[in-house]
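This briefing is meant for a reader who is meeting the structure for the first time. Please keep the sequence and the model in view while reading the points below.

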Amino acid sequence: MKMWDGRFSKDTDALMEAFNNSLPVDKALIKEDIVGSIAWANALQRAGVLTVAERDQTVDGLKSIFDDYNYGRVSFVSSDEDIHMAVERLLVERIGEVGKKLHTGRSRNDQVITDTRLYTKRALDETGECLLELQRAVVGRAKSDLSVIIPGYTHLQQAQPVLLSHYWMSLFSILEREKSRVKHARESSDILPLGSGAIAGSGFCVDRDAIAAELGFSSVSTNSIDMVASRDFVIEALSSFASIGIHLSRYAEDMIIWSSKEFGFVELDDAWSTGSSMMPQKKNPDSLELIRGKSGRLIGNYVRGAATLKGLGLAYYKDLQEDKEPLFDSVNTICMVMKVFTNVIATLKVKEDRIRQGLDPFLLATDMADYLVRKGMPFRQAHKVVGRLVGYCAESGVALTDVSIGKLREFSEMFGDDVTDLYSWERAVNSRTVKGGTSLDSVEGQIRMAEKTLQPALRIVEQAGTVLYRIVDGRVEILTVRSKTFPEQRIFPKGHMEAGETPEQTAARELLEEGGMVGEIGGYCGLREFIYNNKKYRVRYYAAKYISKDNEGEPNREPQWASVEETRAILPYSDLKEVMDKCVELINV
């Protein structure tokens with residue numbers, strides 16, 4: 001029996017049932033689906049659709065489903081079209097008719113997009129962490145290879161000498177832009193759809209702002225048609241994953257070439273290489289080749305998502321079921337790609353002697369042209385003079401740096417004895433002092449800026465708490481102030497108490513006068529109401545955020561209060577509820 005079969009007079013064909021079923025793919029959303037359903041149950045209770053007892057029964061049932069799923073105790077059936085229907089069926093089986101109330105005012109349309117947005121936000125957070133770890137490895141590599149000089153290539157031909165550390169820092173710069181793309185994709189995902197219904201919005205007056213706060217969304221959608229139809233955030237996420245893959249593929253290509261016997265610039269660690277089943281001497285850079293190969297997979301997933309979306313009108317069409325498989329695949333792929341690449345470059349062996357042997361004196365040709373320009377020759381003429389000189393060297397088999405001064409003057413009288421000052425790789429590199437250039441000073445500056453970027457400007461302190469209070473005859477009555485970390489201890493105001501005040505009186509005054517800044521726990525970031533023993537209670541919750549400390553361990557600036565989003569990261573609703581429950585238990589209301 002299906003949840004929607006009331007309108008139909010015959011069963012769905014078995015082939016159509018299999019064709020329609022997305023459960024093997026979207027069961028990956030079970031956590032998000034249950035979290036979203038718990039939030040919806042709470043919303044229905046606040047709207048008067050569910051009693052408190054029915055809400056609690058529903059929430060407990062949903063939690064038990066998730067626990068059983070994690071322990072492999074959940075079985076799906078053929079009528080479970082997707083994870084949403086499966087969870088609803090299991091809930092009804094466990095708690096009976098009450099479970100059938102959960103879908104009140106909700107459609108699978110807004111349910112699935114809520115789940116997908118929650119999943120995408122989490123995936124993009126993980127992607128951001130992987131990017132940071134890769135950037136740290138890049139900076140570490142740049143510092144260890146700081147003074148190594150390599151031939152810089154254009155068209156795979158030696159061009160000009162550059163510092164290897166400068167090459168590594170080019171990757172850091174790219175990854176910094178990738179972080180901004182991932183951040184924007186996350187912001188695009190961070191909008192609550194739940195309450196949009198099938199297309200027109202829910203028919204029940206649920207508090208969508210409260211749902212957003214519970215689920216950790218920073219905003220609520222403003223148009224129900226847009227929200228159930230929207231998959232732009234999926235496309236943006238897939239695009240950012242593909243972009244990361246493309247860039248890492250390019251660096252992997254360089255490393256593959258550099259690790260060949262013909263180049264011999266680097267050697268991969270054994271842990272990140274493979275061998276041949278036939279040729280015992282082989283050491284293959286398969287880690288890099290797979291990174292290069294998987295970039296095509298990431299591009300394909302982006303194209304697949306975009307192609308699915310391009311022909312659809314608004315709002316929901318079944319085609320949108322096809323958005324999750326490429327999304328899940330790209331999330332799993334990009335994180336593994338970045339983790340492997342991080343380890344490859346962190347363990348890479350650079351063969352400095354071999355690199356130095358491969359430096360061709362022709363790499364100094366541009367420096368010789370610049371030399372003539374500084375003597376007063378127009379650059380186009382200097383370019384032609386040095387070009388003829390290079391042609392002579394190539395024909396006669398003479399290195400550019402071995403041409404005598406007399407011979408040089410045959411090409412231009414402006415060549416003087418000081419031209420030999422150019423014949424230094426270190427001098428050639430360090431002459432590029434322009435901002436962003438390859439000089440040692442410039443690269444050291446790039447590394448310093450990178451390290452500063454990687455240090456979080458603000459450190460979130462694992463300190464968050466609640467003030468449990470009630471209003472009696474218009475008077476605020478503080479019951480207790482608790483912290484997340486030590487719920488059994490009271491956290492009283494410090495430094496703000498006026499003469500004759502008790503800690504609770506101080507907390508009450510500050511709650512009214514200062515918006516809830518209570519002693520060391522500051523920054524009002526949320527309000528909840530609940531009923532206990534037929535009395536209404538309120539809880540405000542807080543979190544502190546401190547500026548990173550300097551080398552002496554002192555704060556660089558005064559503490560700042562955390563934003564709502566940052567507080568949720570410290571004290572999510574599930575933890576908040578535990579603190580609230582502990583407060584009620586301890587004060588024995």
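Predicted model: local features only at pLDDT ≥ 70, side-chain atom pairs only at ≥ 80, totals over all residues.

How many residues does helix α15 have, and how far does α15 reach from its first C-alpha to its last? Helix α15, which covers residues 379-396, has 18 residues and reaches 26 Å between those two atoms, close to the 26 Å expected at 1.5 Å a residue.

**Helix α15**

- The buried residues of α15 are Ala382, Val385, Val386, Leu389 and Cys393; seen down the axis of α15, they fall within an arc of 90°, so they line one face of the helix.
- An α-helix has 3.6 residues a turn, so residues three or four places apart point the same way.
- After α15 comes glycine 397, whose phi is positive, near 70°.

**Salt bridges**

- The structure holds 35 salt bridges, one of which joins the side chains of arginine 186 and aspartate 125 at 2.6 Å, N to O.
- Arginine 186 lies in helix α7 (residues 164-189) and aspartate 125 in helix α6 (residues 108-144), so this pair ties together parts that are 61 residues apart in sequence.
- Arginine 186 is partly exposed, with a relative accessible area of 26%, and aspartate 125 also counts as partly exposed, at 36%.
- Lys121, Asp125, Arg186 and Asp190 are linked in a network of salt bridges.
- Arginine 55 and aspartate 56 meet through their side chains in a salt bridge of 2.7 Å, N to O; arginine 55 counts as buried because its relative accessibility is 16%, under the 20% cut-off, while aspartate 56 is partly exposed at 34%.
- In the salt bridge between lysine 100 and glutamate 97, the closest N and O atoms are 3.1 Å apart; lysine 100 is partly exposed at 48%, and glutamate 97 is exposed at 56%.

**A buried serine and a surface patch**

- Serine 330, found in helix α12 (residues 324-347), is buried, with a relative accessible area of 0%, and, leaving aside residues up to four places away in sequence, serine 330 touches Leu238, Phe241, Leu298 and Asn301.
- On the surface, Ile199, Ile225 and Leu314 form a nonpolar patch that has about 270 Å² of accessible area together.
- Isoleucine 199 lies in the loop between β3 (191-192) and α8 (208-215), and isoleucine 199 is partly exposed at 41% relative accessible area.

Methods. Residues numbered from 1 in each chain as written. Heavy atoms only, no water. Helix = DSSP H or I, 4+ residues; strand = E, 2+ residues; numbered from the N terminus. Buried < 20%, exposed > 50% of the residue type's maximum accessible area, 1.4 Å probe, protein only. Contact = heavy atoms within 4.5 Å. Patch = residues over 30% accessible without salt bridge, like charges linked within 9 Å, V, L, I, M, F, W, Y side chains within 5 Å. Areas by Shrake-Rupley, 256 points an atom, 1.4 Å probe, with all protein chains shown as cover. Salt bridge = Lys/Arg side-chain N within 4 Å of Asp/Glu carboxyl O. Expected span 1.5 Å × (residues − 1). Arc of directions from axis to C-beta.
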